Amino acid sequence: MLHVHYLPAFDSAPCGTAPMADIYPSLAQCAIVATAFKVLLFPAYKSTDFEVHRNWLAITHSLPVKEWYYEKTSEWTLDYPPFFAAFEWLLSQAAQYADPAMLIVKNLNYDSWQTVYFQRATVILSELFLVFALNRFIKSAPQSNKQLAHIASLSILLSPGLLIIDHIHFQYNGFMYGVLILSIVLARKQSTLLYSGIIFAILLCMKHIHLYLSLAYFVYLLRTYCLDPKSVFRPRFGNIFKLGLGVISVFGVAFGPFIYWNQLFQLKDRLFPFSRGLCHAYWAPNIWAMYSFTDRVLILLAPRLGLSINQEALTSVTRGLVGDTSFAVLPEVTKEYTFGLTFLFQVLPLIKLWRSPGDWDVFVGAITLCGYASFLFGWHVHEKAVLLIIIPFSLIALRDRRYFSAFRSLAIAGHVSLFPLLFTAAEFPIKTVYTVFWLVLFLFVFEQVAPVPERPRIFPVVDRFSLLYLAVAIPLIVYCSLLHQLIFGLERYEFLPLMFMSSYSALGVVGSWIGFMVVYFTA
Amino acid sequence: MAPHPSSYRPRKKRKSPLTSTGSNNALIVDDGKGKYTPAFPLVSFLWAARAGVSQWLILPLILMAVGLFRWAVSLWGYSGFQVPPMHGDFEAQRHWMEITIHLPMSKWYTYDLQYWGLDYPPLTAYHSWLLGKIGTLFDPSWFALDESRGLEDPRLKVYMRATVIVSEYLIFIPAVVNFLRRYTQMHGVPVWSASVALVAILLQPSTILIDHGHFQYNTVMLGFVAASLDAILAGRMLWACIFFVGALGFKQMALYYAPVMFAFLLGICVFPRIQLIRLLCISLVTIVAFAVLIAPLMMGAVSADARDELSSIPLPPLLETLPIELDKSSLLYTPLLQLTQVIHRIFPFARGLFEDKVANAWCAIHTFYKLHRFEATLLQRVSLGATLASILIPCAIIFRHPRASFLLPALSTVAWGFFLFSFQVHEKSVLLPLLPMTLMLSGDGGLSKETRAWVGWANMLGSWTMFPLLQRDGLRIPYFVMTLLWAYLLGLPPVSLEVYRGYRSSDDSSPLPEPHIITKLLHLCFYLAMVGWHVVEAFVPPPAGKPDLWVVLNVLIGAGGFGLAYLWCLRKLILQCWMIGRKLEKDTQKKNQ
């Protein structure tokens, strides 16, 4: 058993008389060691996203802006908004010194070591923006909460999600979450609210997945910045003008040229490809994963219960890995349903946000809940999108123990659900050991430092639930990654581990969502 | 059955680092205004643990973190990757797994010797057999006899890498953790400092780069040595013998340590009074351990088939030189043949004085004064004489004063002596002197600037001399990352000058050893030379006639530095011995008064 001395492990100085000292390890120290580790991961597995980004480097470098969204030599066409394309263009200016061959559009699947080193290095360097944003976050925290902010920042910086998705799988999330965090931090003070809105607009023009969070921004900025905090009926025209001008000019710069060239519909088609199915290839751990799981169980039970089975769907269901899921027993889910549900569960927390102007904690909570709603009920959700919940949530997870207990099962489920992204043997120890390391370290530290809530906990059951949940994780991972292959071999029932993992993770995400909803509405 | 009374001992509670006045408190710098800061970055990472967080939490976290770095290094290239026809150490180890699982024992040391014939002691052979058997469960084609030569399946790489890390976590890591626990307890070093030292030791760049990058199983042998030291600290001398035989039986390089172990074990039987029974027990256990080690091989040589096979090989030179005539039909003949063949394979006296370019005395002398002109036997004798001369003093000290606390400096001195002067040294052998030297970080004042500066410097130099080798394996980036990371964590150049900067202590009551000004200058010169060498090596092609110029330069600087490291370890040993002698004198004076 753990014998833990409940000493102030994170207390600032050895003797109590000392003034508030710096907290160690500092953000920079962690960044240095983490960078060393990430550099060592250069030769690790990389997904097709690596080729996606190489292709975008080539497109932005060798074609005029007019043709960026029409080019389709590669199947990985440019489907991020213009600012991200501009970011790629910027990178390509440096890329030509590393290896000009990567900038040729026709060089599909080109991965010389210079290309790999260059692209991996840009991920690490662009992540410096995250370090900057986290540093701002710590500085913005009130003196009494500095230590908590510091710990939360370290947890984001060292997040296994970012490690797996950015530094192995390959994407630029660290950079973009840095922009998001900076925008959230700027929303903390009335004087910088305007910049918060503008930076969020820039972020939207880099990666449109953040549209899912935009309602929270809209409500918060409207209520806190554009209207008088004391009365809804007193608009502050100066602020409305400034914010409107700022946001419109950001969008104008981003999309203006394309509107001018009459390419807006082409952009829309590229950015919002609605032809995809409900569930992504690997099921993201959301409501629809649970729905599919129930459907599959019902197929087995249907003869006994006398339910009718849609035979057409049956053939596709058993394959498990299809992108276009159809259900055999349960009714089909249409896009309209998913949008309706997402909207509904986004609006509920926004009502509270509307009624508490200027409350930053509620704002971050609302962002988190918007992330939850879109992740749980959205159409064709990627498992990577779970960071959209985890990262804003991390900023407030240490508010008190009730927040933390909701965060705990999300941290476990969210990170475990990312495991299927990496399926090669060499990366298996990295993803598991790193995630376990992070979970043990930060869940322990969070447990130690999270303050006791002012009000008693409503659901002590939640704690029991998360403990039980944690206990199941280990045997499940062992089964899915080792035992299953030993029992059934590589080929047979390969959907089973994925289904177990995503259903298990979905349970955790939904559980933490319910837990957090309760905390949010009762706080 | 009742538990043995000595098998359960409650773990001693140690004082919190904050209240103790242990001299290892150099980890926290007090700026005099009540503000405390960590002395170097590694301390920051364990800062939160200084108030006494459970070892049950700290230790797994440390082991996971260092394991991640090991595995990440192992993603890179290995020795002999895509270098047909012979490949490298990776292929050698794989090939041994292949031959041990497919051939009878009598053929292990005789089969196709031109292609990576087995030339390590029997424990390596058994280890290879076990790993080969397990690997065959995954994919038999990895170890198919003769067919699998030069196989470069990425899954095979993952398996082989995993065997290194698993072997290390089963032997090296537990041994080092246990050793540190006992050693720090013995020296009154706080638990927290011990954790800091543990991370520093486990992140030692040269060991990680060679075992997980280049590909070898050195940590198994080093682990046995650490286990042997741990047993000595625990007072279980017989276990110490067994573990040390294990180390020797895994890799003959452990012989570098053998003189000290021998002198120490003999010493405890002679001083303070002669204990014949102890001596008898120790020698008996050692002999039995060796016998058990080679028994399977000998048994394998008895059968009729083995007899035929062994008779067909050329007579091992060792057997040829035997003055007596042997009866070829005797039952003992083939085991003897097998034994001499194993010894012949393990100790290839026929090879040259040194192999490749290695930073020792002979290679350095050879640069200016060609040694080919002398006969091989003369060189062998000179080398033997020089080695003996270099290890004489430390061995004498450890024999006269067989104290556990002298072991680390004595082991490093003797290993440096062997590295510098002995026959057939490999650049990878530098790991041997580096291990006991690095373990000194956990001793009393081990993390003080003086020790940290020297140990850190020797490690940086050691890794640096292996750079030409690592570069060939495609390990350039891991080399830079791991060495710079270690330097950063311990506050060493070229990342930081912390270790050479004097600092003002608020209370001067207990001045901590700081590097002398000459030390500082010497070290800085070496660091400058290393950095300069890297710049030159990377950007300036060597002159036309001398393609090896940079490597030779590396060897020369390295040999000079290792000579200094030898002297420092020797000085440390003599100093410790002298201090203890003085302390004893004082004690007796007090008693007499």
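Chain A is divided into domain 1 (29-271) and domain 2 (287-522), with bounds that come from an automatic or database domain assignment. The structure is a predicted model, in which local features need pLDDT of at least 70, side-chain atom pairs count only at pLDDT 80 or more, and totals for chains, interfaces and linings use all residues. Residues are numbered from 1 along each chain as its sequence is written, while chains are lettered from A and ligands numbered from 1 in the order in which they are written.

The centres of domain 1 and domain 2 of chain A, taken over C-alpha atoms, are 25 Å apart. Their contact (C-beta atoms, placed from the backbone, within 7 Å) draws 32 residues from domain 1 of chain A and 40 residues from domain 2 of chain A. On the side of domain 1 that touches domain 2, at least two residues each come from helix 6 (146-157), helix 7 (160-170), helix 8 (173-186) and helix 10 (211-226) of chain A. Helix 10 of chain A gives the largest share of that side, 8 residues. By class, this side of domain 1 of chain A has 24 nonpolar, 6 polar and 2 charged residues; here Ala, Val, Leu, Ile, Met, Phe, Trp, Tyr, Cys and Pro count as nonpolar, Asp, Glu, Lys and Arg as charged, and the others, Gly among them, as polar.

Taken as a whole, chain A has 21 helices and 0 strands, where helices (H or I, at least four residues) and strands (E, at least two) are DSSP runs numbered from the N terminus. Of its 523 residues, 43% count as buried. A residue is buried if 20 or more other C-beta atoms lie within 10 Å of its own, exposed if 12 or fewer, and partly exposed in between, with C-beta atoms placed from the backbone. Among the contacts in chain A with a separation of 6 or more, 74% join residues 24 or more positions apart.

Turning to chain B, helix 2 (residues 55-74) has 20 residues and should span 28 Å at 1.5 Å a residue, which agrees with the 28 Å between its end C-alpha atoms; the expected span is 1.5 Å times one less than the number of residues. Its buried residues include B:I58, B:I62, B:F69, B:R70 and B:W71. The cover over the buried residues of helix 2 of chain B includes helix 1 (27-40) and helix 19 (428-449) of chain A, along with helix 6 (154-186), helix 7 (191-202), helix 8 (205-215) and helix 22 (476-490) of chain B.

Several backbone details are also worth a look. The peptide bond from A:Y24 to A:P25 is cis, with omega near -5 degrees, and A:P25 lies in the segment before helix 1 of chain A. Another cis peptide bond runs from B:P84 to B:P85, with omega near 0 degrees; B:P85 sits in the loop between helix 2 and helix 3 (89-102) of chain B. A:N262, in the loop between helix 11 (237-260) and helix 12 (264-271) of chain A, has a positive phi near 65 degrees. A:N262 counts as exposed because it has 8 C-beta neighbours inside 10 Å. B:F215, in helix 8 of chain B, has a positive phi of about 95 degrees although it is not a glycine. B:F215 has 25 C-beta neighbours inside 10 Å and therefore counts as buried.

Definitions and conventions:
Contact = placed C-beta atoms within 7 Å.
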